[in-house]
Every structure is written in C-alpha cells, then in structure tokens.
Amino acid sequence: MNAFEIRGGKPLKGEIVPQGAKNEALQIISAVLLTAEKMTISNIPDIKDVNKLIDLLIALGVKVNRVNEDTYEFEASDINIDYFQSEEFKRKGGSLRGSIMIVGPLLARFGKAAIPKPGGDKIGRRRLDTHFLGFEKLGAKFVYDAEKHFFNVDATELKGTYILLDEASVTGTANIVMAAVLAKGTTTIYNAACEPYLQQLCKMLNRMGAKISGIGSNLLTIEGVETLGGTEHRMLPDMIEIGSFIGLAAMTGSEITIKNVCFNELGIIPTVFSRLGIKFELRGDDIFIPAQDSYEIDTFIDGSILTISDAPWPGFTPDLLSIVLVTAIQAKGNVLIHQKMFESRLFFVDKLIDMGAQIILCDPHRATVIGLNKQQHLRGIEMTSPDIRAGVSLLIAALSAQGKSVIYNIEQIERGYQHIEERLKALGADIRRIDAQPVGH
C-alpha cells in the first residue's frame, strides 16, 4: 500500500492549476456513447476514476486516441453490446461507481444495457433509485439478478414523458437526460439538478444536435431527436479542487495563486470561504490568496454562531464541507458544520481531534468547530483516508501540523485528485510517497 509522509507546519508559495472537473468528466465521457461520430474532449483529469471509465469504454469497443496529456478523441462507431455479459465487465464495472453513467447513453442508442451493483466511496448509502426510476418512466424494464448482483436493462423503445425526480441527483439527472435525448417525443424533468457540470453536459448535447431547453434551471425540457453528431468539448476546472486550495492556503498561511478558475461557475463557494475570514482577490480569472496570519469567522447578523450546510446547487456543495471544517480549525471564532446530504461523512473528525483540533461531533451530521486562531499548532499523527474528500482534508491538516504525519489508503485521494503530490511539492510542501501499511493490517 502507498502512503504519504508529510512534514507540515511551513507556509507554501506559488501557482497551482486546478485539474478538469472529475464529476463533469464522468458524465461527458459517458456521453460519447450517444454518437458514432468523433468526439474531442479536453481538460480531462488524469485520475483513477476517469481512467477506469475510459478503460471500460475501450473494452466496449470505443476507439480512443490520446491527443495530448489532457485531450482525447473518442469514436463509438463499433460497440460490442455482448461485452455486458462478460465476467470482465462485471469486475470492471463493479469497481467504479461512475459506471452507472454509461447506462443512459447505451439505452438511448442501443435499447439495452447492464450494470453490476457499483462500489465507490464509504459515505453512507448512495442510492441509484433516481437513475432507475427515471429510466423506467421512459419505458425501460429492469431485471435484477440477485445471485450475480447484476441489473439487466431492456429499453427497446424509449418514449418521452414527464418525470418528477425524488431527489435532485446530479448523476441521476445527467443519466436520464442522456437517455431522453434520443427518445421519441418530449421529456420534461422537474426537480432536475442544475450544477454547472450538468449545464456543461446539456450544452454539449445541444451542440451534438439535441434539443434541450431550461438549462441552468430545475425544469428541463428535452425534445427527442433521431441521431446525434460529434463535437468538441472542454471541461470546467474542478471546483472542489479550487475550494481545497483556498482552504490549504488559509490553514498553512500561504500565498497561493489558483489559475484559470472559471470564477463565474463557482457559485456560492468563494462567499462561503470569505465567511470563514479568508481574503482573496480575483486577478483576471485567477484567485490570488495572500498569506494570512489570522482569519476570523463571521457570525450571523444577530451575533449567533455561523452555520455552514450543504444543499443542492446553487447551494453549497457537500464535497467541500469537510474542507471547510478543516479550514475552520485554525480560524478565530466558531462554526457549526451541518452535513445534510450524506450520512457518515463527518466521521474523520476523530483524526483531527487526535491532532489537537477542538471539534465537538454532535451527531453523524453535525460538528461544531472551535477555532484555535493559530495559537496552537496541530500535531502530526498517523491516519487512514476513508474517502476522497476526507482524505484531502486530512492532507491539508497534515500540511499545517507540526511534525510528521503519515496518511494511509491514499488510493482514495488519488481517485479524485491528479498528481497531487507533485503539485504540492511545486508549492514547497514536504510530502513524499512511501510504501507502508497501517499497524494491524
């Protein structure tokens, strides 16, 4: 097993370029299955979840040409639909949560698909019901093989319909949109997710010949078309990385410039970090964060303790709550972090408490952080990364802590952050990869 060894407690300095957005990549790359024509996609992040999806497409028969480091050409002109029944597909698909995203495009174009019960993060149950219910409304039929943990889906003829989603799931909305673009008639999706990544997908599909209106709202109208053509597309920068780097700069008292952030697509994220007292300025499309000795958390207008909670877009993304929680450890003041959308995402705070953070875990969804105001440093410890976002939060804590920290299970971090070690080293971080196992394994 790989681990990171980090010697923290020193400020960093320099420029960092955010990778392409992981959550957008999984949707956009799946959408290449909707056409037999060539698709050129750039700013693709070089991370495990995305590379696994590209491998899955190659196994399905998609011709893939890597043009340069972050640009690929895809051509799905000759797809092997029988591949679904192979043991290899069950293995590959089952190890990647994002594999659910190929179902919508395959149903739309070929009328059938299959999916193993997927794995992924340990952040509580993440239901796939939204995807399945949407497909069923469009006319798909599911057969679950309990013995093989496998779903076969038949959709000989998808018909447009009215769909009210039970939750504004980003991947669920994306998958249903991809199924509906080639369905007969008009589909209306209400309570649709409206994240920038989903807007990007819809705009790309329209360039391919789809007819989607209401983009950016929670009411999408999709008029089915006969076929779609090829196009070019560039991913947005990853907003979760951008938020992570803002938190990193504040925690370590570093002067960092985050390049090419597509600021207008960041929604409420910069506002939330400024409420923690973090100063930054926009220089063109770069965020410049000066070195700060101290940052003070806002209160509500009546003086009560600030609460930061997650909500579907345009609310604050749940993926950044753990970053906000870590950043608040060294702030002046107190904040209540309320994780509404996922259970068990806050369970990594025990590691932070071991490092010297003042945090009260109220219940699985809420934690109160009592800021240390940089009056005492966190101390380095050994810890294991439970999921992608908690892993990076622990990494930020370790970079701000005095002494040596070791983080195990860094495969989780690398599922979502490309070349993170090299990019942090370029800022002056003392981080290295070691071969190590936690005691007791």
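How are helix 4 and helix 6 arranged relative to each other, roughly parallel or roughly antiparallel?

Modeller: First, a caveat: this is a predicted model, where local features need pLDDT of at least 70 and side-chain atom pairs count only at pLDDT 80 or more, while totals for chains, interfaces and linings use all residues. Residues are numbered from 1 along each chain as its sequence is written, and side-chain values use heavy atoms, with hydrogens and water left out.

Now your pair. Helix 4 (residues 103-110) meets helix 6 (residues 170-180) at about 10°, and their axes are 7 Å apart (helices are DSSP runs of H or I, at least four residues; strands are E, at least two). Helix 4 and helix 6 are therefore roughly parallel (an angle under 35 degrees). On the helix 4 side, Val103, Gly104, Pro105 and Ala108 make the contact, and helix 6 answers with Asn175, Met178 and Ala179 (contact is heavy atoms within 4.5 Å). Those contact residues split into five nonpolar, two polar and no charged (Ala, Val, Leu, Ile, Met, Phe, Trp, Tyr, Cys and Pro are nonpolar; Asp, Glu, Lys and Arg charged; the others, Gly among them, polar).

Ala210 belongs to the loop that runs between helix 7 (196-207) and strand 11 (211-213). With 7% relative accessibility, Ala210 counts as buried (under 20% relative accessible area, 1.4 Å probe, protein chains only). Setting aside neighbours within four places in sequence, Ala210 touches Val181, Leu205, Val225 and Leu228.

Burial turns up again in helix 1 (residues 22-30). Eight of its nine residues are buried, so helix 1 is largely enclosed by the rest of the structure. The buried ones are Lys22, Glu24, Ala25, Leu26, Gln27, Ile28, Ile29 and Ser30.

Notes
Axes fitted to C-alpha atoms, helices over the stretch in contact; angles between N-to-C directions. Parallel < 35°, antiparallel > 145°, perpendicular 65-115°, else oblique. Buried < 20%, exposed > 50% of the residue type's maximum accessible area, 1.4 Å probe, protein only.
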